[in-house]
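Hi,

Here is the structure I promised to pass on. Have a look, and my notes on its pockets and surface follow below.

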Amino acid sequence: MTQDELKTLVGQAALQHVVAGEIIGVGTGSTVNKFIDALATMKDQIRGAVSSSEASTARLLALGIPVFDANAVGELAVYVDGADEIDGRGHMIKGGGAALTREKIVAAQSRRFVCIADESKRVEALGAFPLPVEVIPMASARITRQFAVLGGTATLRLKDGQPLVTDNGQHILDVRGLRITEPLAFESEVNQWPGVVTVGVFAHQKAHVCLLGTATGVVTLNY
């Protein structure tokens, strides 16, 4: 199967984790788009969604799924999102789609994180995928230097030749050259750096289950 077919497969499989009558936390990205499309087939069974990005909000609304402000609802039963990398303990790197801060907020509001990914995202240790870090623009040069001390090379993410601006009005640094063997400690440390809005390591908000698309079908990994 192609990668796109695997994404469709896990997007549909995630419907089994949707709790009827509840508001669903919905992530961002190409795999999540497959889940949103599948969710439309049962939209009458849920109250709606809390979305992690403007792009996902637009897709949900276009399919007739109500979108709620995170502050207007309480705890969510489940959050469904993809990952750029996921290790054997359910720790992830996220943020390839630049929505990491809102993704982490919705994940923290949810009792259960269901990660949907194809098998190429499974790794032994995090860091091969460039680590996204959302930063306040005036701090980007200093944060770049702090990553250099750790052996990482941070570059400002661009779009059409200009710094990419997130839904929150901030910038993204992508950090290469890291091998993150202690994700919890790493996330805690970097989140304390002045100017860091969110680091794209999801260890404190790790996945509880991963639906992994493989050539032989969907494999369910529990953490």
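First, a word on classes: Ala, Val, Leu, Ile, Met, Phe, Trp, Tyr, Cys and Pro count as nonpolar, Asp, Glu, Lys and Arg as charged, and the others, Gly among them, as polar. This is a predicted model, where local features need pLDDT of at least 70 and side-chain atom pairs 80 or more, while totals for chains, interfaces and linings use all residues. Residues are numbered from 1 along each chain as its sequence is written, and side-chain values use heavy atoms, with hydrogens and water left out.

Now the pockets (on a 1 Å grid over the protein atoms alone, open sets of points where a 1.4 Å probe fits, with protein on both sides within 12 Å along at least five of seven lines; lining residues have an atom within 4 Å of a point).

The largest pocket comes to about 220 Å³. Of its 18 lining residues, Thr28, Gly29, Gly82, Ala83 and Asp84 lie nearest the centre. Helix 2 (30–39) and strand 6 (113–118) each give two or more residues to that lining; helices (H or I, at least four residues) and strands (E, at least two) are DSSP runs, numbered from the N terminus. By class, the lining has four nonpolar, eight polar and six charged residues.

Finally, Val197 is found in strand 12 (residues 196–199).

Cheers

Terms used:
Grid points are joined across faces, edges and corners, and a volume is the space filled by probe spheres set on the points.
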